[in-house]
Amino acid sequence: MKKLCRTEGRDAMICGVCGGIARYFGVDPTIVRLATVLLVVPCGMSMWVYIIAALIMPKESALY
């Protein structure tokens, strides 16, 4: 069973949120990072969404 968690290691850039989302959906982390930047900057998605996700999502090492 797949679980949504923050990644650690090479997939984690800042907090591992985008890497965790990419791993959960089976896509390249770069695509998720680009989509996040495109949603934050011109579309007005708040950085608070990223910060809240970083606080709520457990680390990968905490699950395994």
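**Confidence and helix faces**

I began with confidence: the chain averages a pLDDT (the predictor's confidence in each residue, from 0 to 100) of 84, and 95% of the residues score at least 70. This is a predicted model, in which I took local features at pLDDT of at least 70 and side-chain atom pairs at pLDDT 80 or more, while totals for chains, interfaces and linings use all residues. Residues are numbered from 1 along each chain as its sequence is written, and side-chain values use heavy atoms, with hydrogens and water left out.

Among the elements, α1 has the highest mean pLDDT (91) and α4 the lowest (73); helices here are DSSP runs of H or I with at least four residues, numbered from the N terminus.

I then looked up helix α2, residues 29-40, and found P29, V32, T36 and V40 buried, where buried means under 20% relative accessible area and exposed over 50% (1.4 Å probe, protein chains only). These buried residues fall within an arc of 65° seen down the axis of α2, so they line one face of the helix; the arc is that of the directions from the helix axis to the C-beta atoms. The face turned away from the buried side of α2 carries the exposed I31, L34 and L38.

In helix α3, residues 47-56, I noted that Y50, A53 and A54 are buried. They cover an arc of only 100° around the axis, which puts them on the same side of α3, and they pack against α1 (17-25), contact being heavy atoms within 4.5 Å.

Note on methods:
Helix = DSSP H or I, 4+ residues; strand = E, 2+ residues; numbered from the N terminus.
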